[in-house]
2 protein chains.
Amino acid sequence: MEPGTRIESALDRAVAHAEAPGAPPLLAEAIRYAVFPGGHRIRPRLCLSIARACGEDDPALADAAAAAIELLHCASLVHDDLPCFDDAPTRRQKPAVHIAYGAPIAVLTGDALIVLAFETLARGTRRYPARLARLVGLLAKSAGSPSGITAGQAWESEAHVDLSAYQQAKTGALFAAATVMGAAAAGADAEPWRHLGEALGEAYQVADDLRDVACRQEEIGKPAGRDATLGRPNAAALLGTGGALDRLARLTREAIGAVPDCPGAARLTAEIEAQARLFLPASLRPVSA
Amino acid sequence: MEPGTRIESALDRAVAHAEAPGAPPLLAEAIRYAVFPGGHRIRPRLCLSIARACGEDDPALADAAAAAIELLHCASLVHDDLPCFDDAPTRRQKPAVHIAYGAPIAVLTGDALIVLAFETLARGTRRYPARLARLVGLLAKSAGSPSGITAGQAWESEAHVDLSAYQQAKTGALFAAATVMGAAAAGADAEPWRHLGEALGEAYQVADDLRDVACRQEEIGKPAGRDATLGRPNAAALLGTGGALDRLARLTREAIGAVPDCPGAARLTAEIEAQARLFLPASLRPVSA
């Protein structure tokens, strides 16, 4: 099955559990609204690519890991868009969850999606139960404190920001989760895959900064120019569009150089190059040779 | 070790992980503030009582399950107190987290505590890894949608409330988690323990309604009379103080009648009676024979 189809199908099965009979209707509706339709599903695609490169021996577990990472990502988007953070009116070309359903349901949707991420992981480990503790630990590391996406967002409340810790936690953590959990889901040693994820996360952050500075709202599905409005650091504002594009290319090469020895290294390298191209909207992509 | 000491120690170890070097200082501080000092720790005490009654063979796992349930409970208090829900100024005799640290840190503290609950569970299963999937599933059921505390809170956003689903999810779910996870942590069959937890949860809800109607703020550590202010159903308002006390006694007897056959049934019954007495503040407790 094609990776995109596997991911949508795994997410659909996960969300269906949260919609089971007895669920409060608005919450159930908002959970689905927050997950579908998605963006490029970059993190779960990366997770599946790594699992296959490591000789994937349990596709159901790789699917569960990929879905768990995406559910966590969706949770963070819903909470980050709240009025007390970015107060973002739109997300993925439609009203943000707090606009469509109100702030209380948006808070609860994020909470329920975090729970669903761990639940989905546990459901995926029927064949290899011994892998679950490691996977839960890796997912938690990417999500909580001291260095997960929650910690990343919390740096925005600090008077003195550790910029590298901020960006690594806010963006790098979930990319690192995608690589290490892809490996762990395949029964491989996880940590050698972390640097690849971190480098890709940094590349994605530069691309996101470029989108924020150089694109119109219609193309990126959320308001443009938010970093300047919110006073956040932005690589494209700092280096210029050309400088930021150069940095993005350098980070992508660094990521590819960080791919550990594995059976599927050649194919994986091609996939990472293709996925990194998707970081940028069409108007900013370099023309391929 | 005495159960109260075991619980505080397990919570302290869990919170210490979230405070590890690199954590954003305000978030780390707020996480500890939300967990310590605690209330009566009724849910984790119940969890440990059930684990022992089932012949606890791995105290570290029972401690992890108890701590996970309490962390989830603390997360729900932090989020329920937010301005978009109860807008509660105080909790456990001190300013609520959103008053002390602001709404953004309060949202993230709740998120980080949910993550920490699952992480703590995973760390506790070194000896019996095969028990983790079941425990994660039970914790998730008590936390998310369709029937966990998140769903319970979401019923407050519905125009037509299923009152029984609301109370069962909002209060019963975590008591049921305490009993079924106590059993599962001891390697016993979990589901026979669910009804006991649900009955105790209903008893606790009646006691909480009594506290809200009959006590002053200084005694209960949070504002009194909130149910009337927020238009929420309240058993004491409906049945009168005497009627609600009768109902509480009946539910406690029902809970005790629901204790499954187990090695430690007699001691457990005494513990449940003692714990149910703690549901009420001193001024409302019936005089013991």
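The legends below describe close-up views of a predicted model. Local features require pLDDT of at least 70 and side-chain atom pairs pLDDT 80 or more, whereas totals for chains, interfaces and linings use all residues. Residues are numbered from 1 along each chain as its sequence is written, and side-chain values use heavy atoms, without hydrogens and water.

**View 1. The interface of chain B and chain A.** In this view, 45 residues of chain B are in contact with 45 residues of chain A (contact: heavy atoms within 4.5 Å). The area buried between the two chains is about 3700 Å², and carbon and sulfur atoms give 76% of it (buried area: the accessible area, with a 1.4 Å probe, that two parts lose on being put together, summed over both).

**View 2. Polar contacts across the interface.** The rule finds six residue pairs in polar contact between chain B and chain A, both residues at pLDDT 80 or more. A polar contact is a pair of N or O atoms within 3.5 Å; within protein, one must be able to donate a hydrogen and the other to accept it, and residues adjacent in sequence count only if both atoms are side-chain atoms.

View 3. Glu70(B) lies in helix H4 (residues 59–80) of chain B (helices: DSSP runs of H or I, at least four residues, numbered from the N terminus). Glu70(B) is buried, at a relative accessible area of 1% (buried: under 20%, 1.4 Å probe, protein chains only). The side chains of Glu70(B) and Arg41(B) are joined by a polar contact of 2.9 Å. Leaving out residues up to four places away in sequence, Glu70(B) touches Leu11(B), Arg41(B), Pro44(B) and Arg92(B).

Note on methods. Chains are lettered from A and ligands numbered from 1 in the order in which they are written. Helices (H or I, at least four residues) and strands (E, at least two) are DSSP runs, numbered from the N terminus. Buried means under 20% relative accessible area, exposed over 50%, partly exposed in between (1.4 Å probe, protein chains only).
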